[in-house]
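Reader: I would like to learn how to read this model feature by feature. Where do we begin?

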Amino acid sequence: MRTSPLRLLRRPLTAALAAAGAVALLVSGFIATPTSAAEAGCRVDYTVNQWAGGYTAQVKVTNLGPAVNGWRLTWTHADGQRVTSAWNATVTQTGASVVAVNADWNGSLATGGAAEFGVQGTWSSANPAPTDFALNGVACGKTGTTPPPSTPPPTTPPPTTPPPSAGCGSAVVCSGFEDQTGTTPSGAWQFTAPDCQGTGTATVDTSVAHSGSRSLRIDGRAGYCNHAFVASTANLSSVGPVMYVRMWVRHTTALPAAHVTFVSMPDSSQGGRALRVGGQNGALQWNRETDDATLPAQSPAGVAQSRPLPTGSWQCLRFAIDTTAPKLDTWLGDEQIPGLHADGVPTQDIDQQWLARTTPPRPTALRLGWESYGTGDDTLWFDDVAVGSAPIAC
């Protein structure tokens with residue numbers, strides 16, 4: 001069996017994420033080589049999503065010089081930032097110097113051609129955008145940066161989607177786990193091991209919380225029979241026609257290459273089998289238990305359209321499930337994740353496999369926890385969980 005990720009909701013940010021912001025850097029210009037009058041150079045679009053102590057950056061390099069077959073982009077992180085992982089390129093760091101080398105499938109750049117890749121990393125005192133990009137040793141020219149806003153920019157929803165509302169409103173599930181009185185989940189939240197139970201555990205934690213004084217803690221263990229979930233007792237069968245889910249999640253270990261699940265929803269359209277959100281190949285994904293379909297497709301190009309789940313900080317995960325058509329959306333914070341979007345129109349490396357099944361999903365319940373299909377221990381916390389028929393903001 002394997003795993004999966006959707007659309008989200010919105011709520012006031014706490015002090016823990018007050019430093020979150022987005023930085024956009026556009027590096028542009030032409031530069032003449034010392035020995036030739038011919039123009040050469042590059043442009044780099046460097047877009048950052050950051051939180052306290054960590055960040056991801058989407059990097060687009062455009063070749064403005066002669067065509068190249070194999071590229072090497074270099075820059076410097078002068079303020080102590082460290083790159084910890086990357087997708088769609090091989091990225092290494094020595095001291096402050098960073099080198100990104102093309103993958104097998106994106107190394108050829110014609111004049112005006114572009115390649116995109118992403119990085120994840122850490123920072124402490126500051127996280128300014130790099131200013132010294134060079135493509136195959138040729139500088140990209142002068143740089144200009146846009147200062148990070150004090151709060152993340154709002155995301156404009158599609159025209160057919162109402163804007164998210166603050167708080168839970170009339171949501172069927174609206175829980176910060178403050179009603180839990182002991183360390184064992186009880187009342188509206190019950191422990192469950194859907195397939196088989198091992199050493200994974202679930203507790204109510206009073207030492208870590210996104211808001212209030214309590215959260216749900218899952219100590220997940222690797223191996224198929226270590227399933228550990230806490231299920232809401234609310235019946236979600238009538239939520240819709242679009243089901244909106246919002247949660248804050250904090251996890252300890254980067255998503256592994258192997259398949260894992262941390263959100264599982266029994267789906268009546270699959271005879272009770274699960275619609276699942278989790279990860280594979282280091283990035284978020286959706287997975288359907290009936291046919292093991294994934295969103296995005298697990299090709300390098302597909303995985304590159306998803307995102308890793310940052311560790312060590314609270315992340316707002318939102319998704320929307322259309323119960324009238326095989327459509328769904330997913331947001332991490334304010335970013336709509338292109339690889340976790342299904343609109344009914346097949347897209348290469350994204351949803352062809354997912355759309356092979358045309359029956360719309362009909363989730364009936366919500367389970368939060370950890371399910372590994374091989375390797376992958378993790379400790380996760382969930383807080384401020386909401387499920388309703390209208391968009392709910394972070």
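Author: We begin with burial. Buried means under 20% relative accessible area, exposed means over 50%, and partly exposed lies in between, with a 1.4 Å probe and protein chains only. Take Cys316: its relative accessible area is 3%, so it is buried. This is a predicted model: local features need pLDDT of at least 70, side-chain atom pairs count only at pLDDT 80 or more, and totals for chains, interfaces and linings use all residues. Residues are numbered from 1 along each chain as its sequence is written, and side-chain values use heavy atoms, leaving out hydrogens and water.

Reader: How many disulfides does a search of the whole structure find?

Author: In general, a disulfide is a covalent bond between the sulfur atoms of two cysteines. The criterion here is a pair of cysteine sulfur atoms within 2.5 Å. The search finds 3 disulfides.

Reader: Which cysteine does Cys316 pair with?

Author: Cys394, with the sulfur atoms 1.9 Å apart. The link is left-handed, with -90 degrees about the S-S bond. Cys316 lies in strand S26 (residues 315-322) and Cys394 in the segment after strand S30 (378-388), so the pair ties together parts that are 78 residues apart in sequence. Cys394 is buried, also with a relative accessible area of 3%. A note on names: helices (H or I, at least four residues) and strands (E, at least two) are DSSP runs, numbered from the N terminus.

Reader: Which residue is joined to Cys42 by a disulfide?

Author: Cys140, with an S to S distance of 1.6 Å. The torsion about the S-S bond is about -55 degrees, so this disulfide is left-handed. Cys42 belongs to strand S4 (residues 42-51), while Cys140 sits in the loop between strand S14 (138-139) and strand S15 (143-146), so the pair ties together parts that are 98 residues apart in sequence. Cys42 is buried at 0% relative accessible area. Cys140 is buried at 0% as well.

Reader: Is the disulfide of Cys168 and Cys174 left-handed or right-handed?

Author: Right-handed, because the torsion about its S-S bond is about 85 degrees. The S to S distance is 2.2 Å. Cys168 is buried, at 9%. Cys174 is partly exposed, at 46%.

Reader: Now charges. What is the nearest side chain of opposite charge to Asp322?

Author: Lys and Arg count as positive, Asp and Glu as negative; His and the chain ends are not counted. A salt bridge needs a side-chain nitrogen of Lys or Arg within 4 Å of a carboxyl oxygen of Asp or Glu. For Asp322 the nearest opposite charge is Lys327, 5.2 Å away. Asp322 is thus buried without a salt bridge. It lies in strand S26.

Reader: What polar contact does the side chain of Asp322 make with another side chain?

Author: A polar contact is a pair of N or O atoms within 3.5 Å; within protein, one must be able to donate a hydrogen and the other to accept it, and residues adjacent in sequence count only if both atoms are side-chain atoms. The side chains of Asp322 and Thr324 make one at 2.6 Å. The Asp322 side chain also reaches the backbone nitrogen of Ala325 at 3.4 Å. Contact means heavy atoms within 4.5 Å. Leaving out residues up to four places away in sequence, Asp322 touches Pro241, Val242, Lys327, Pro360 and Pro361.

Reader: Which strands are joined to S29 by bridges?

Author: Two strands pair if DSSP finds at least two bridges between them. Strand S20 (residues 228-232) runs antiparallel to S29, joined by 4 bridges. Strand S22 (residues 260-266) is also antiparallel to S29, with 4 bridges. Phe229 has Gly369 in S29 as its bridge partner, and Val260 stands opposite Ser372.

Reader: Are the faces of S29 covered or uncovered?

Author: Both are covered. Arg367, Gly369 and Glu371 are buried on one side, and Leu368, Trp370 and Ser372 on the other.

Reader: Last, the backbone. Which peptide bonds are cis?

Author: Most residues other than glycine have a negative phi, and most peptide bonds are trans. Among the cis bonds here is Gly240 to Pro241, with omega about 10 degrees. Another joins Leu295 to Pro296, with omega near 5 degrees. As for phi, Phe177 has a positive value of about 65 degrees. Phe177 is buried, at 2%.
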